[in-house]
Amino acid sequence: MGKLTIRDVTVGEGTPKICVPMVGDTLDKLLEEADYLQNLEIDLVEWRVDFFQLVEDLEAVKHALVEVRKRLQNIPLIFTFRNAREGGEKEVTKELYFKLNKAVAETKQIDLLDIELFSGEKTVTDLIKVAHANGVKVILSNHDFEKTPPKEEVVSRLRKAQDLGADLPKIAVMPRDAKDVLILLEATLEMKNNYANRPIISMSMAGEGVISRVAGELFGSAVTFGAAKKASAPGQVGVKELQKVLDLIHRNLP
Ligand SMILES: O=C1C[C@@](O)(C(=O)O)C[C@@H](O)[C@@H]1O
């Protein structure tokens with residue numbers, strides 16, 4: 001499946017890596033979160049900038065980024081603006097989405113940039129170029145907060161992300177019943193066994209989907225999102241519990 005090393009973290013080997021989202025809406029709250037995160041055993045941090053009140057002010061975003069980066073020390077940082085149509089807090093114009101992501105990648109203060117797969121092919125390919133030129137890795141993501149598409153569609157979106165040059169293809173879908181959770185797990189396994197030449201990330205959301213957030217080592221999802229205090233999506237469990245279950249599964253795998 002391939003591995004991806006970011007700072008001291010190798011994604012795609014051993015237990016799935018734990019990523020915690022920061023969801024503060026002000027700089028003070030973000031710094032408080034960043035301080036709190038330093039004391040947890042986590043592998044990655046995601047700044048969900050769509051929660052930040054001043055997200056449309058590029059200078060404010062860049063200033064916050066420098067402060068957050070300092071506090072996180074060596075923990076790899078993902079920068080994510082999640083549009084409302086994909087489950088985020090806000091919707092911005094295509095222009096602003098591009099400008100924000102480009103400006104932040106160019107600061108080189110982040111390790112990974114999350115770009116939405118359905119932002120338009122040119123936006124995606126141009127942002128990947130900017131990110132890579134600045135030493136920033138790319139997650140190409142897709143979210144369906146309504147339903148779980150058929151297995152072939154889930155696989156096809158992950159393959160599309162890989163073909164477009166994502167370092168980490170990612171998909172999050174909403175189950176309506178237990179079968180939908182199986183669809184996501186089957187799609188993940190199929191991707192891992194037949195197509196992926198790099199690590200991928202997948203999850204089935206909400207309570208029914210929790211199994212997919214802990215079973216990634218078996219089925220092929222290399223990163224799992226857990227909550228510190230406040231979750232950024234339904235179904236995220238606390239990082240301490242998450243760690244225990246990931247370890248339990250790891251110890252029992254061949
Ligand atoms: O894409 C994802 C995954 C996620 O939606 C989840 O379900 O854990 C949480 C988001 O913060 C992140 O950007």
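Reader: Let's start at the ligand: of the 16 residues around it, which come nearest?
Author: Quick ground rules: this is a predicted model, where local features need pLDDT of at least 70, side-chain atom pairs count only at pLDDT 80 or more, and totals for chains, interfaces and linings use all residues. Residues are numbered from 1 along each chain as its sequence is written. A residue is near a molecule or strand if its C-beta atom, placed from the backbone, lies within 6 Å of it. Of the 16 residues around the ligand, the ones that come nearest are P21, A172, F225, S232 and A233.

Reader: And which elements give two or more residues to that shell?
Author: Elements here are DSSP runs numbered from the N terminus: helices are H or I with at least four residues, strands are E with at least two. Those giving two or more residues to the shell around the ligand are β4 (44-48), β7 (137-144) and β8 (168-173).

Reader: By class, how many residues in the shell are charged?
Author: Asp, Glu, Lys and Arg count as charged, Ala, Val, Leu, Ile, Met, Phe, Trp, Tyr, Cys and Pro as nonpolar, and the others, Gly among them, as polar. The shell has 6 nonpolar and 5 polar residues, and the number of charged ones is 5.

Reader: OK, on to the fold. What order do the strands of the open sheet have?
Author: Two strands pair if DSSP finds at least two bridges between them. The open sheet has 8 strands with parallel pairing, and the order is β9-β8-β7-β6-β5-β4-β3-β10.

Reader: Which are the edge strands?
Author: Look for strands that pair on one side only. Those are β9 (201-204) and β10 (223-225).

Reader: Is β6 largely enclosed or open, and how many of its residues are buried?
Author: A residue is buried if 20 or more other C-beta atoms lie within 10 Å of its own, exposed if 12 or fewer, and partly exposed in between, with C-beta atoms placed from the backbone. In a regular strand the side chains alternate between the two faces of the sheet. In β6, L112, D114 and E116 point one way and L113 and I115 the other way, and all are buried. The strand is therefore largely enclosed by the rest of the structure, the buried count being 5 of the 5.

Reader: What's the bridge partner of L113 in β7?
Author: Strand β6 (residues 112-116) and β7 run parallel, joined by 5 bridges. On the β5 (residues 77-80) side, β6 pairs in the parallel sense over 3 bridges, with F79 standing opposite L113. In β7, the bridge partner of L113 is V138.

Reader: Which residues have the most contacts inside the largest nonpolar core?
Author: A nonpolar core is a set of buried Ala, Val, Leu, Ile, Met, Phe, Trp, Tyr and Cys residues joined through C-beta atoms within 7 Å. The largest one has 72 residues, and helix α6 (residues 178-195) gives the most to it, with 6 residues. The residues with the most contacts inside the core are V45, L113 and V138.

Reader: What is V45 in contact with, leaving aside neighbours within four places in sequence?
Author: Contact means that the two C-beta atoms, placed from the backbone, lie within 7 Å. With the sequence neighbours left aside, the partners of V45 are C19, V20, M22, L37, L72, I75, L77 and I78.

Reader: At what angle does helix α5 run to β8?
Author: Axes are lines fitted to C-alpha atoms, for helices over the stretch in contact, and angles run from 0 to 180 degrees between N-to-C directions. Helix α5 (residues 151-164) lies across β7 and β8, and its angle to β8 is about 155°.

Reader: How far apart in space are L158 and M191?
Author: L158 is in helix α5 and counts as buried because it has 27 C-beta neighbours inside 10 Å. Its contacts beyond four places in sequence are P169, I171, M191 and I200. L158 and M191 are 33 residues apart in sequence, and C-alpha to C-alpha they are separated by 7.6 Å.
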